[in-house]
Amino acid sequence: MTFAGDDKVLILFRHAKAEQAPGKPDRDRELTHRGRRDAAAAGQWLHDNGFGPELVLCSPAVRTRQTWEAAANGGACGEQVDYDGRLYSGGADGALQVVRESAGEAQVVLVVGHNPTMATLASGLTEGNGSTAAHECLAAGFPTSAVAVIGYAGPWHDLAFGSASLLRCHVSRG
């Protein structure tokens, strides 16, 4: 995908279906078989639509790491993968700060995280701007393996709520 000047793309990717494991620490929950298939399908969708991030920012939880690994096995590519604990526990404000601080000169950044953070961030950044169909998809819920593609023009450090447009919303099932 080629962009002009300050055009940027932020892809928010909710982790795939994870096990329900009473007594197991939340950070250690793993993907189910369905989760692995869905994440691979999301990777194929990202590849097929030309969304190749230069930077992947990922929560350090086991399920988010496994989601990115399965997506990459499905065809997604990422030049660099960084893990940041704020994507696990920092909420939408923390995730936004990670993007502002980490994105640098990248034009396409993908964040693998958790809900409600991913849905809240997608909704807050776009505030109704962009594709009506994509907003309907987002409003219907942001289930596991959902992907929101957000367009933004400007330096990452200025990214703010209401400053972007929702271009696409997709729920991957494998």
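This short talk is about strand β4 and the cores around it.

First, the ground rules. This is a predicted model, with residues numbered from 1 along each chain as its sequence is written. Local features need pLDDT of at least 70, side-chain atom pairs count only at pLDDT 80 or more, totals for chains, interfaces and linings use all residues, and side-chain values use heavy atoms, with hydrogens and water left out.

Start with β4, residues 108-113. Strands here are DSSP runs of E, at least two residues, and helices are runs of H or I, at least four, numbered from the N terminus. Is β4 buried or exposed? Six of its six residues are buried, meaning under 20% relative accessible area with a 1.4 Å probe, protein chains only.

Now the directions. In a regular strand, side chains alternate between the two faces of the sheet. Val-108, Leu-110 and Val-112 point one way from β4. Val-109, Val-111 and Gly-113 point the other way.

Next, the partners. Two strands pair if DSSP finds at least two bridges between them. β1, residues 7-14, pairs with β4 in the parallel sense over six bridges. There, Leu-12 stands opposite Val-111. β2, residues 55-58, is also parallel to β4, over four bridges. Val-56 stands opposite Leu-110.

Finally, the cores. A nonpolar core is a set of buried Ala, Val, Leu, Ile, Met, Phe, Trp, Tyr and Cys residues joined through side-chain atoms within 4.5 Å. The largest has 31 residues, and Leu-10 and Leu-12 have the most contacts inside it. Apart from it lies another core of 17 residues, among them Val-56 and Val-112.

Notes:
Buried < 20%, exposed > 50% of the residue type's maximum accessible area, 1.4 Å probe, protein only.
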